[in-house]
Amino acid sequence: MLSRAAATVVCMTITDEDCLSETLAFNEQFEAAAPTRPARGKAPSAAALALLRRNRLGGDAPPARLPHGQDRVVEGGVKVRVLVPDHVDGVYLHIHGGGWAFGSADGQDERLWRLAEQARLAVVSVDYRLAPEHPFPAGPDDCEAAARWLVKYAAAEFGTERLLIGGESAGAHLSVVTLLRLRDRHGITGLFRAAHLLFGPYDLSMTPSQRRFGPRQLLSNTDTIRRSYELFTPGMGEEQRRSPEISPLYADLVGLPPARIVVGTEDPLLDDSLFLAQRWQAAGAPAQLGVVAGAMHGFTLFPLTITERELRRERDFLASV
């Protein structure tokens, strides 16, 4: 069913083809440098996991923490990082990526502060608990709690009830899971006006593109994805991972807000975005699908022309919805 459904969205305009030579050259350089990076296809040692968590995603240096960010603990004991510009027209609940096992709320201060200022958004980034110490459902529980806190207190805290949600990779997955939990557990729909979903995994039993991608040493490949699922949902088989609570591609998507869904052509999660966009539209909500020529998983982490363009498109979408 999913493969037939995808046929209706595969005929899309692929963006940024004029940057293809730059993008593919970067991919080649990234692959060539693979031996210098911690191996993610195997069970990480404590030292390797600590290194991945200390450094910025996709890089080899710690992220820069800006003085604009404020670390807080909100209702339910969930840690968040808050960045508030001078002018606020909405609140963006951001959920970071990192395979549910690394990444942090303060790992993208520079990018999120620029988004906050340019889109006039208060940004609340969730520092959800990480696997393997805290496997499913700990991370989703924290994101759900942060979203419910915003529903209750955004007006008092930030002077607006205009709420948006989104994230990258595992954060995109958790964003959809959070919207579904708000709807199914609390009857909350319509309060989050839009979702911005960058290269997320939406079928943790593995879509065809995940299985076929193979061992290419880009930011993610078949082995690293499978290992991430094992860390996040230990002891579960493929059939259990098809549960709508874990794989939102199998959920009823009725009542979700407009979405912008983005993925690159060289991403093992390509099918996930194609399939999700079709199902999102079929459920009755608008879904913009952006497919970036030559882009690998996590491409917005790197200094590329397509990164600047994509961050601009993200800003324009979140500012205008």
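User: Why does R120 count as partly exposed?

Analyst: The model is a predicted one, and every value below is computed from it. R120 has a relative accessibility of 35%. Buried would require under 20% and exposed over 50%, with partly exposed in between; R120 is therefore called partly exposed.

User: Where is R120 placed, and what is its phi?

Analyst: R120 belongs to the loop between α4 and β5. Its phi is near 55°, which is a positive value in a residue other than glycine. The reason to remark on such a value is that most residues other than glycine have a negative phi.

User: What is the phi of S169, and why does S169 count as buried or exposed?

Analyst: For S169, phi is near 55°, again positive in a residue other than glycine. S169 sits in the loop between β6 (163-168) and α6. Its relative accessibility is 12%, and the limit for buried is under 20%; S169 therefore counts as buried.

User: Which residues are joined by a cis peptide bond, with omega of about 5°, and which by one with omega of about 15°?

Analyst: The bond with omega of about 5° joins A131 and P132. The bond with omega of about 15° joins F136 and P137. P132 is located in the loop between β5 (121-126) and α5, and P137 is likewise placed in the loop between β5 and α5. These bonds deserve mention because most peptide bonds are trans.

User: How do you know whether H196 counts as buried or exposed?

Analyst: The relative accessibility of H196 is 0%. H196 is part of strand β7 (residues 192-198). Leaving aside neighbours within four places in sequence, its contacts are Y92, I165, G166, G167, R260, E310, E314, F317 and L318. One of these, G167, is 29 residues away from H196 in sequence, while the two C-alpha atoms are 6.6 Å apart in space.

User: What makes T300 count as buried or exposed, and which residues does T300 touch?

Analyst: T300 has 10% relative accessibility, against a limit of under 20% for buried, and T300 therefore counts as buried. The loop that holds T300 runs between β9 (287-296) and α11 (305-320). Not counting residues up to four places away in sequence, T300 touches L198, F199, T307 and E310.

User: How do you know that the span of helix α2 agrees with its 13 residues?

Analyst: Helix α2 comprises residues 20-32, and at 1.5 Å a residue its 13 residues should span 18 Å. The expected span is 1.5 Å times one less than the number of residues. The end C-alpha atoms of α2 are 18 Å apart, so the two values agree.

User: Why are the buried residues of α2 said to line one face of the helix?

Analyst: The buried residues in α2 are T23, F26, N27 and F30. Seen down the axis of α2, they fall within an arc of 105°, so they line one face. These buried residues pack against β8 (259-266), β9 and α11. On the other side of α2, the exposed residues are S21, E28, Q29 and A32.

User: What makes helix α8 mostly covered?

Analyst: Of the 11 residues of α8 (residues 222-232), 8 are buried. Those buried are T222, T224, I225, R227, S228, Y229, L231 and F232. Their cover includes α5 (138-158), α6 (170-186), α7 (208-212) and α9 (238-241).

User: How are α5 and α6 oriented to each other, and why?

Analyst: The angle between α5 and α6 is about 65°, with axes 9 Å apart. Angles of 65 to 115 degrees count as roughly perpendicular, and α5 and α6 are therefore described in that way. α5 also passes α6 in a right-handed crossing. Residues making this contact include G139, P140 and D141 of α5 and L174, V177 and T178 of α6.

Definitions and conventions:
Residues are numbered from 1 along each chain as its sequence is written. This is a predicted model: local features need pLDDT of at least 70, side-chain atom pairs count only at pLDDT 80 or more; totals for chains, interfaces and linings use all residues. Side-chain values use heavy atoms; hydrogens and water are left out. Helices (H or I, at least four residues) and strands (E, at least two) are DSSP runs, numbered from the N terminus. Buried means under 20% relative accessible area, exposed over 50%, partly exposed in between (1.4 Å probe, protein chains only). Contact means heavy atoms within 4.5 Å. The arc is that of the directions from the helix axis to the C-beta atoms. Axes are lines fitted to C-alpha atoms, for helices over the stretch in contact, and angles run from 0 to 180 degrees between N-to-C directions. Angles under 35 degrees count as roughly parallel, over 145 as roughly antiparallel, 65 to 115 as roughly perpendicular and the rest as oblique. A crossing is left-handed if the near helix is turned anticlockwise from the far one by less than a right angle, and right-handed if clockwise.
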